[in-house]
Amino acid sequence: MLEPPSALRRVLPTTLGCAILGLALGAPAWAGETHHVEMTIEERITEVAPGFKAKVWAYNGQVPAPLIHVKEGDTIEAEVTNLSTLAHTIHWHGTYQTGTWESDGVPDITQKAIAPGETYTYRFVADKPGSLWYHCHVNVPEHVGLRGMWGPMIVEPKDPLPIEEEVTKDAVLMFSGWNPEVAMQYGKGGHPTEKLSYFSINGKSFPTTQPFRVKEGDVVRLRLFAVSNNVAFHLHGHDMLVTHKDGLPIEDPYWADVVSLQQGERKDVIVRMDNPGRWIVHDHIEHHVSNNGKTPGGAVFVVEYESVARDDPWYVWKDKEYNPDFYLTQSLEEDHGLIEQPFFKGESAEEAASKSGRSRNSGRSRGRNSGRSADE
């Protein structure tokens, strides 16, 4: 069963107490594996919604960037090569950087930004557990707010709470907004008065998001990330137990059917899947569920119970091609380290131009053939 809040309060002081005792005795509080990862920063074009694409600066070509999944106390050594035309960094949001402040990723404060063609290596201990993330810290309103320079970093705690050990299915949901007026122009956008009109989960707007399929009896943890806009997260048919904020357990977990997040904030919610059906999940900020004013769209997906048929002719996702790792559920079950998801990779400018050219030529060919057929 889901543990009551008192159980969470019992465990948290014990975990913190052990760490403090270790420091007092002069012993290292954490010790783990070292993960050497190689990362690039690339200029790509990503399709957010049908008919809407955006130019992005993408870590390893992906939006979201690759999952980094490690254990508390592991060392991360990230060798980052900038293949783009502007300078960038990586800030490891939420990590304490104890004794490694030079790896905090803030240009002109902890490092010189990584210039085009250059490589910089970050090295630090994952000294804070939970749902963390990483992002560029150069011109954050544009690079993070509009250009996809962000990805998840999940750090498994040394001492998980009892309720965490009940989880059977884990998911990452990263919420962001987009401005179509500047989407294809690097160096534009990111202003306080800017109007965002596309909203996405893991870089995609409905209907290009994916179902989240569950079995009755699953205990699901949804890791919510408010990357570049505020969120009011709502799951129909279920209440959610909010257990963690910004990676750490909260003292008094609480039940909610709408969970609010401010930009940069993360919350973990745990849900017992005990109500079979098909249930919409959406941002309850109303204009976040449209694509440039057209509904339905935006930050929307569907929880599908596997026991419920999906063949109703009117069901919007009746013929959906299913990707079981869209919410990184399968990736979180793999070995630790950096885990890429090829389906999040964008196109290079050359690939996009080539595809556009083939499309135009195909259209002209169809037009000529159609004309001959009509004459005959």
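**Cis bonds, cores and sheets: reading the labels**

Analyst: In this predicted model, Pro64 has its place in the loop between strand E2 (52-59) and strand E3 (67-71).

User: What is the omega of the peptide bond from Val63 to Pro64?

Analyst: Omega for the bond from Val63 to Pro64 is near -5°, and this bond is cis. A cis peptide bond also joins Thr295 and Pro296, with omega about -5°, and Pro296 lies in the loop between strand E18 (278-283) and strand E19 (300-305). These bonds stand out because most peptide bonds are trans.

User: What makes the phi of Asn60 worth a remark?

Analyst: Asn60 is not a glycine, yet its phi is positive, at about 55°. Asn60 is found in the loop between E2 and E3. Leu328, in the loop between E19 and strand E20 (337-339), likewise has a positive phi, near 65°, without being a glycine.

User: How do you know whether Asn60 and Leu328 are buried or exposed?

Analyst: The label buried requires a relative accessible area under 20%. Asn60 has 6%, so it is buried, and Leu328 has 4%, so it is buried as well.

User: Why does Thr75 count as buried?

Analyst: Thr75 has 11% relative accessibility, and therefore it counts as buried against the cut-off of under 20%. Thr75 is found in strand E4 (residues 75-82). Leaving out residues up to four places away in sequence, Thr75 touches Glu33, Thr34, His35, Arg123, Phe124 and Val125.

User: What makes the 58 residues a nonpolar core, and which members touch the most others?

Analyst: The name applies because a nonpolar core is a set of buried residues of listed types, among them Leu and Phe, joined through side-chain atoms within 4.5 Å. In the largest such core, with its 58 residues, Leu173, Phe233 and Phe301 touch the most other members. Strand E9 (residues 169-178) gives the most to this core, with six residues. A second, separate core has 25 residues, including Tyr59, Val80, Ala113 and Ile114. In soluble globular proteins, nonpolar side chains tend to be buried together.

User: Which residues is Phe233 in contact with, leaving aside its neighbours within four places in sequence?

Analyst: Its contacts are Leu173, Phe175, Leu222, Leu224, Met240, Asp257, Val258, Val259, Val281, His282 and Phe301.

User: Why is E9 called mostly covered?

Analyst: Ten of the ten residues of E9 are buried. In a regular strand the side chains alternate between the two faces of the sheet. In E9, one side carries Lys169, Ala171, Leu173, Phe175 and Gly177, the other carries Asp170, Val172, Met174, Ser176 and Trp178, and all of these are buried, so both faces count as covered.

User: How do you know that E9 pairs with E12 and with E10?

Analyst: Two strands pair if there are at least two bridges between them. E9 and strand E12 (residues 219-226) have seven bridges in the parallel sense, with Leu224 as the bridge partner of Leu173. E9 and strand E10 (residues 198-201) are joined by four bridges and run antiparallel, with Gly177 standing opposite Phe199.

User: What makes E5 and E20 the edges of the five-strand sheet?

Analyst: The open sheet has the order E5-E7-E8-E3-E20, with mixed pairing. Strand E5 (91-93) and E20 each have a single partner strand, so one side of each is left without a neighbour in the sheet. From one strand to the next, the twist averages 25°. Within this sheet, E3 and strand E8 (residues 150-156) run parallel and share four bridges, Ile68 having Met153 as its bridge partner.

User: Which strands stand at the edges of the four-strand sheet?

Analyst: This open sheet has the order E2-E1-E4-E6, again with mixed pairing. E2 and strand E6 (119-125) stand at the edges because each has a single partner strand. Strand E1 (residues 34-49) and E4 run parallel and are joined by eight bridges, and Met39 stands opposite Val80 in E4.

Conventions. Residues are numbered from 1 along each chain as its sequence is written. This is a predicted model: local features need pLDDT of at least 70, side-chain atom pairs count only at pLDDT 80 or more; totals for chains, interfaces and linings use all residues. Side-chain values use heavy atoms; hydrogens and water are left out. Buried means under 20% relative accessible area, exposed over 50%, partly exposed in between (1.4 Å probe, protein chains only). Helices (H or I, at least four residues) and strands (E, at least two) are DSSP runs, numbered from the N terminus. Contact means heavy atoms within 4.5 Å. Axes are lines fitted to C-alpha atoms, for helices over the stretch in contact, and angles run from 0 to 180 degrees between N-to-C directions.
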